[in-house]
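Subject: Structure handover

Hi there,

Here is the structure I promised to pass on to you.

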Amino acid sequence: MHTTVLVIGGGATGVGVARDLALRGVDVSLVDRGHLAAGTTGRSHGVLHSGARYAEADPDDAAACLAENRILRDVAPACISETGGYFLQLDGDDPDYFERKRAACADLDMPVETLSGDELRERVPEASPTVERALAVPDGVVSPSRLVVATAAAAREAGATIHQYAPAEDVIVEGGTVTGVDVGGRLDATIRADAVVNATGPWAEQCAALADISVPMRPTRGVMAAVSNPGVDAVLNRCRSPADGDIVVPRPDEAILGTTSVAVDDPDDFERSEAEVERIVAECAAMCPSVDRAVKRTYWGVRPLYAPDEADDARAISRDFALLDHAEAGAAGLVTIVGGKLTTYRRMAEATADRVCDRLGISAACRTADRPLPGTDDPSRLDALCDEFGVSAPAD
């Protein structure tokens with residue numbers, strides 16, 4: 001088998017790369033060891049970030065979130081719930097942090113509104129009486145399942161080939177250049193390729209090692225707890241430095257409470273602590289007391305954090321993405337895309353496709369920013385695609 005570009009990894013970024021390349025006329029195939037969205041993408045909290053969460057700490061990343069937030073609303077409306085979001089300052093929280101957050105959002109030309117505690121409770125009656133003020137920001141909620149299958153279907157319609165349950169078992173390097181990948185599972189074949197994209201998220205280190213390449217990762221686990229939704233219809237964020245239990249995400253019948261950040265050695269094998277679940281419920285209840293109720297279910301995700309330098313605090317590692325070209329390390333044609341977040345998956349895919357096309361001498365431009373995804377006018381089609389691909393993400 002031969003393809004011009006082989007993408008390894010069927011999360012949002014991987015299918016995004018496949019779609020982007022296919023729309024540029026590139027012959028592309030994608031393989032994943034399981035079903036699409038089975039990893040980090042499907043186990044996120046599903047927030048469509050406005051950028052407010054990162055505005056004061058990483059304004060460039062925040063600006064990228066805001067831009068992609070707007071693009072996704074245009075090209076994938078059936079995947080988005082227009083909930084809006086709030087950053088809440090509680091009694092005892094640092095008022096200077098609130099002011100820095102507000103100023104940083106304004107610097108990004110983000111539409112923000114400052115509300116008193118009473119004004120917030122008029123909009124969100126379930127909010128705590130201890131909320132002193134809030135920032136209204138253009139957060140939203142995204143369906144990871146719908147977004148991934150819509151992107152995968154668009155890639156397929158543009159000519160890409162997608163193989164599920166087809167794990168990469170070896171990356172073939174000949175004379176300092178990647179020439180193919182041995183794939184097991186249902187495919188059980190060697191795919192020859194002119195370029196290979198490692199889009200395996202927290203497994204990027206293991207995937208790169210198949211080509212004897214080092215990609216230092218610092219994956220961190222995070223737990224989400226689902227409770228019956230008490231009536232919350234907007235994303236609620238605690239207005240403080242990122243910490244455990246600082247976000248409540250509305251779903252139709254549930255509120256998703258998150259999250260924690262604990263470094264793990266193996267993204268497939270890590271401790272799941274009941275104490276972490278109890279902590280996020282208690283912390284989220286400080287913002288919204290009525291979420292302190294029986295946990296219906298929990299799910300755990302692992303963040304694909306790239307960490308070339310040691311960091312004592314996993315939360316201090318950038319949530320922006322890194323695009324790594326391994327030519328100088330002896331694996332020309334292999335690129336790795338790591339980090340980032342669901343909101344910026346399209347931008348990450350564009351940057352990756354640009355790099356691959358530069359190597360292949362392809363001048364076609366990206367077309368994904370203004371081309372609607374399938375199902376824009378027919379959400380039922382997306383649900384049918386979820387059934388076809390066998391995708392049922394815990395985040396949904």
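**Cavities**

By class, the lining of the second largest cavity has 3 nonpolar, no polar and 5 charged residues. Please keep in mind that this is a predicted model. The residues that line this second largest cavity are Arg53, Phe87, Tyr97, Lys101, Arg238, Arg240, Pro242 and Asp246. Its volume is about 30 Å³.

How many cavities of 30 Å³ or more are there? The count comes to 2. The largest cavity holds about 50 Å³ of space. Around the largest cavity you will find Ala195, Asp325, Gly333, Leu334, Val335, Arg355, Val356 and Arg359. By class, that lining divides into 4 nonpolar, 1 polar and 3 charged residues.

Which elements supply at least two residues each to the lining of the largest cavity? They are strand S20 (334–339) and helix H8 (345–360). The largest share comes from H8, with 3 residues.

**Strands around S12**

Ala195, one of the residues lining the largest cavity, also has a place in strand pairing: Val5 stands opposite Ala195 in S12. Strand S1 (residues 2–8) runs parallel to strand S12 (residues 189–198), and 6 bridges join the two.

S12 also pairs with S20, in the parallel sense and over 3 bridges. Here Val196 stands opposite Leu334 in S20, and Leu334 is another of the residues in the lining of the largest cavity.

What is the sense of the pairing between strand S11 (residues 177–183) and S12, parallel or antiparallel? S11 and S12 are antiparallel, with 4 bridges between them. Gly180 has Arg192 in S12 as its bridge partner. The hairpin of S11 and S12 has 5 residues between the strands, and Gly185 takes a positive phi near 65° there.

**Where H8 meets H2**

H8, which gives the largest share of the lining of the largest cavity, also meets another helix. The axes of helix H2 (residues 59–75) and H8 come within 8 Å and cross at roughly 100°. Because angles of 65 to 115 degrees count as roughly perpendicular, H2 is roughly perpendicular to H8. On the H2 side, the contact is made by Ala64, Glu68, Ile71 and Leu72, and on the H8 side by Tyr345, Arg346 and Arg347. By class, this contact has 4 nonpolar, no polar and 3 charged residues.

**A sheet of 3 strands**

There is also an open sheet of 3 strands, with the order S3-S8-S4 and antiparallel pairing. Which strands are at the edges? Strand S3 (47–48) and strand S4 (80–81) are the edge strands, as each pairs on one side only. S3 and strand S8 (residues 140–142) are joined in the antiparallel sense over 2 bridges.

Ile162 is found in strand S9 (residues 161–163). Ile162 and Leu30 are 132 residues apart along the chain, yet their C-alpha atoms are separated by 4.8 Å. Leaving aside residues up to four places away in sequence, Ile162 touches Leu30, Leu36 and Ala152.

Tyr165 sits in the loop between S9 and strand S10 (168–174). Phi of Tyr165 is near 55°, a positive value in a residue other than glycine.

Where is Thr259? Thr259 lies in the loop between strand S16 (254–258) and strand S17 (262–263). The peptide bond leading from Gly258 to Thr259 is cis, with omega near -20°.

Best wishes

Notes: Residues are numbered from 1 along each chain as its sequence is written. This is a predicted model: local features need pLDDT of at least 70, side-chain atom pairs count only at pLDDT 80 or more; totals for chains, interfaces and linings use all residues. Side-chain values use heavy atoms; hydrogens and water are left out. On a 1 Å grid over the protein atoms alone, a cavity is a set of points where a 1.4 Å probe fits but cannot get out, and a pocket is an open set with protein on both sides within 12 Å along at least five of seven lines; lining residues have an atom within 4 Å of a point. Grid points are joined across faces, edges and corners, and a volume is the space filled by probe spheres set on the points. Ala, Val, Leu, Ile, Met, Phe, Trp, Tyr, Cys and Pro count as nonpolar, Asp, Glu, Lys and Arg as charged, and the others, Gly among them, as polar. Two strands pair if DSSP finds at least two bridges between them. Axes are lines fitted to C-alpha atoms, for helices over the stretch in contact, and angles run from 0 to 180 degrees between N-to-C directions. Angles under 35 degrees count as roughly parallel, over 145 as roughly antiparallel, 65 to 115 as roughly perpendicular and the rest as oblique. Contact means heavy atoms within 4.5 Å.
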